[in-house]
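Please look over the sequence and the model shown below before reading on.

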Amino acid sequence: MTTTPIKVGIIGVHPDKGWATTAHIPALKTLPQFRITAVSHNKQDIARASALKFGADRGHSTTDELVNDPNVDLVVVTVKVPHHLELVTKALEAGKAVFSEWPLGMNSSDAEKMLALAKKQNAFTAIGLQTRSVPAISFIRDLVKDGYVGEVLSVSIIGSGIIWGEEINESYLYTLDMANGASMLHVPFAHTLDAALFALGSGMESVGGSLSNSRPMVRVAETGNQVPFTAPDQIVVSGLLENGAALSAHFRGGLSRGTNFHLEINGTKGDLILTSPVGYVGLGGFAVRGAQGDEQMHELPVPQTYDTLGIADGFSQSVGIAYSRIASDMLDGTNLSPTFEDAVKLHRVLETIVSGNGERRDV
């Protein structure tokens, strides 16, 4: 039996650059459950060039045209966070299913508005927390679920933001303003925290944190100019999971000459460690190690069954696996993908961290 592919319209596509071109489109091209039927860009010539390059039926110059295109089932929002509320709202009001990149909104208030509208429309939603789809994270999730570590006692995280260091590209300058909802806290830290909680099968019971700026200025790579750095480049968080286990995390801006990513789960029966040479869990290069009882830490190779798509390690791999879960949810009625409800929960955790002034509060 042949299933008609889900027809995808992607907002914000450039033929040569951008997140849609880098991660989403290569992932979608590997999955027969989807067909890219429409793309949009606010410049008509770029929209047409993108449609031609990626094999879409139409290249729209406005969001209204794309979301009202009868040849689109699923609208994918891949533009900068400040535009999400407007674009997701238009897609939902047009009666479409929506996959929005994370963060869902600039704050929890925006996210809650989109969730409320999605419920009113009875719309399918998915949020781009694709770090959950990293094979190593799914492997650790199953190890924890199957009792490899026993009862989880603590979780420790060290991460680097990669950007938010001493130099930044012009295209990322908007991430220096916390109000835009795309800072180190909102993107690499949030993706990592969500992936860790997913692997543990738990949520946060309480959380607190301290944010600081160790760099008051940052150099723009293209010009050498110094500009104010107002988003935090140091994030220190502690909290308790729903089972009472302790969690601690420290994210630093830029990259370290030492540890750039380390996630450690300590339990009554064993321990698990996930590392990567790059800054956080979304980028690839993962190694899983574990030990039980009197064993020494040793590598635990991630079984090939956790990546059935054959996509190389990196962003497109996790995005591709995320899309395969979306296809299962839309076509078979499963519940594998994170939704707007998950997005709102994560937004609330982040805002609790920001507003708590270091004091731990219930989430």
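## A pocket between two domains

Domain 1 (6-130) and domain 2 (131-309 + 340-362) both contribute residues to the lining of the largest pocket, so this pocket lies between them. The model is a predicted one, and every value in this report is to be read with that in mind. The C-alpha centres of domain 1 and domain 2 are 26 Å apart, and the contact between the two domains takes 27 residues from domain 1 and 25 residues from domain 2.

The largest pocket holds about 1500 Å³ of space. Its lining is made up of 44 residues, and those lying nearest the centre of the pocket are Gly18, Trp19, Thr78, Lys80 and Tyr174. Two or more lining residues come from each of the elements α1 (19-29), α4 (84-93), α7 (185-200) and α8 (315-332). When the lining of the largest pocket is sorted by residue class, 20 residues are nonpolar, 21 are polar and three are charged.

## The second largest pocket

The second largest pocket has a volume of about 390 Å³, and 14 residues line it. Arg132, Ser202, Gly203, Asp342 and Lys345 are the lining residues that lie nearest its centre. Helices α7 and α9 (340-355) each supply at least two residues of this lining, and α9 gives the most, with four residues.

Which classes of residue make up the lining of the second largest pocket? Six of the residues are nonpolar, two are polar and six are charged.

Rolling a probe the size of a water molecule over the atoms shows where empty space is left. A search of the whole structure finds one cavity of 30 Å³ or more, and the space in the largest cavity comes to about 50 Å³. The elements that give two or more residues to the lining of this cavity are β6 (125-128) and α8. Among the lining residues are Phe99, Ala126, Ile127, Gly128, Ala322, Arg325 and Ile326. By class, the lining of the largest cavity has seven nonpolar, four polar and one charged residues.

Gly128, one of the residues that line the largest cavity, has its place in strand β6. Is Gly128 buried or exposed? Its relative accessible area is 0%, and because residues under 20% count as buried, Gly128 is buried. Leaving aside residues up to four places away in sequence, Gly128 touches Phe99, Ser100, Glu101, Trp102 and His191. The C-alpha atom of Gly128 is separated by 24 Å from that of Ser206, which is 78 residues apart from Gly128 along the chain.

Helix α5 (residues 108-121) has 14 residues and reaches 20 Å from its first C-alpha to its last, which is close to the 20 Å expected at 1.5 Å a residue. The buried residues of α5 are Ser108, Asp110, Ala111, Met114, Leu115, Leu117 and Ala118. An α-helix has 3.6 residues a turn, so residues three or four places apart point the same way. The buried residues of α5 pack against α4, β6 and α9.

Helix α6 (residues 135-145) is mostly covered, since eight of its eleven residues are buried. These buried residues are Pro135, Ala136, Ile137, Ser138, Phe139, Ile140, Leu143 and Val144. They pack against the helices α7 and α8 and against the strands β7 (152-160), β14 (261-267), β15 (270-276) and β16 (287-292). After α6 comes Gly147, whose phi is positive, near 90°.

## Leu173, a loop residue

Leu173 lies in the loop between β8 (167-168) and α7. Not counting residues up to four places away in sequence, Leu173 touches Ile168, Val220 and Val227. Leu173 and Val155 are 18 residues apart along the chain, and their C-alpha atoms are separated by 32 Å.

Key:
Residues are numbered from 1 along each chain as its sequence is written. This is a predicted model: local features need pLDDT of at least 70, side-chain atom pairs count only at pLDDT 80 or more; totals for chains, interfaces and linings use all residues. Side-chain values use heavy atoms; hydrogens and water are left out. On a 1 Å grid over the protein atoms alone, a cavity is a set of points where a 1.4 Å probe fits but cannot get out, and a pocket is an open set with protein on both sides within 12 Å along at least five of seven lines; lining residues have an atom within 4 Å of a point. Grid points are joined across faces, edges and corners, and a volume is the space filled by probe spheres set on the points. Ala, Val, Leu, Ile, Met, Phe, Trp, Tyr, Cys and Pro count as nonpolar, Asp, Glu, Lys and Arg as charged, and the others, Gly among them, as polar. Domain bounds come from an automatic or database domain assignment. The expected span of a helix is 1.5 Å times one less than its number of residues. Buried means under 20% relative accessible area, exposed over 50%, partly exposed in between (1.4 Å probe, protein chains only). Contact means heavy atoms within 4.5 Å.
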